[in-house]
Amino acid sequence: MHDMRAENTARNLGAILADIVQELQEFVNTRIQMVKSELHEAMSAMSVTLPLGLVALILGGTGFLLLTGAVVVVIAAAFAGNAYAWVYAFLIAGTLWIAFGGVAAFFAYNEFRSKAKFPKHTVEVLKADKVWIESEARTKYDRVA
């Protein structure tokens with residue numbers, strides 16, 4: 001009777017281990033697919049964003065140079081007759097552009113941060129899975145013991 005019980009336990013333990021290995025493989029494959037899917041979405045967004053950003057930089061740079069020239073001339077005209085008219089004009093225009101650039105950088109940073117590229121959903125699922133695996137291990141361990 002004792003031999004029969006040991007034989008039955010060994011068989012059940014082997015079956016349990018086989019199930020655990022199979023479930024672990026399915027678990028890992030599912031999570032890998034989730035990460036790949038999220039990273040693919042992020043990369044497809046970047047493939048559209050990068051060329052548009054480059055065009056925006058070129059056009060914005062050209063416009064910036066033209067506007068800077070016009071603003072400097074207007075400001076210098078306001079200080080006509082002053083020996084430092086051009087210095088004042090460049091300082092005022094430079095300060096304005098730095099302020100506008102700071103505001104633009106603030107909005108760009110917030111936009112980038114809001115669309116984080118790290119797969120947050122997958123990490124949340126993995127954390128929930130960890131809790132589930134721990135509870136399952138405790139439950140199965142209690143049944144086997």
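Is Phe107 buried or exposed? With a relative accessible area of 55%, Phe107 is exposed; the term applies over 50%, buried means under 20%, and partly exposed lies in between (1.4 Å probe, protein chains only).

This is a predicted model, in which local features need pLDDT of at least 70 and side-chain atom pairs count only at pLDDT 80 or more, while totals for chains, interfaces and linings use all residues. Residues are numbered from 1 along each chain as its sequence is written, and side-chain values use heavy atoms, with hydrogens and water left out.

**The whole chain**

Begin with a cartoon view. The protein has three helices and zero strands, in the order α-α-α. Helices (H or I, at least four residues) and strands (E, at least two) are DSSP runs, numbered from the N terminus. Of the 145 residues, 9% are buried.

**The core**

Select Val72, Ile75, Ala76, Ala89 and Ala93, which form the largest nonpolar core. Such a core is a set of buried Ala, Val, Leu, Ile, Met, Phe, Trp, Tyr and Cys residues joined through side-chain atoms within 4.5 Å. Helices α1 (2-78) and α2 (85-114) each supply at least two of its residues, and the largest share, three residues, comes from α1. Next, centre on Ala76: beyond its neighbours within four places in sequence, Ala76 is in contact with Ala85, Trp86 and Ala89, contact being heavy atoms within 4.5 Å.

**Aromatic rings**

Five aromatic pairs are found in the whole structure. Rings of Phe, Tyr and Trp (its six-membered ring) pair if their centres lie within 6.5 Å; planes under 30 degrees apart count as stacked, over 60 as edge-to-face and the rest as tilted. Show Trp86 and Phe90: their ring centres are 6.5 Å apart and their planes at 40°, so the pair is tilted. Both lie in helix α2, four residues apart, about one turn of the helix. Trp86 is partly exposed, at 49% relative accessible area. Then return to Phe107, which forms an edge-to-face pair with Phe106, at 5.6 Å centre to centre and 65° between the planes. Elsewhere, Phe79, Tyr84 and Tyr88 form one aromatic cluster.

**Helix α3**

Finally, select Asp129 in helix α3 (residues 120-144). Asp129 counts as buried because its relative accessibility is 13%. Not counting residues up to four places away in sequence, Asp129 touches Phe27 and Arg31.
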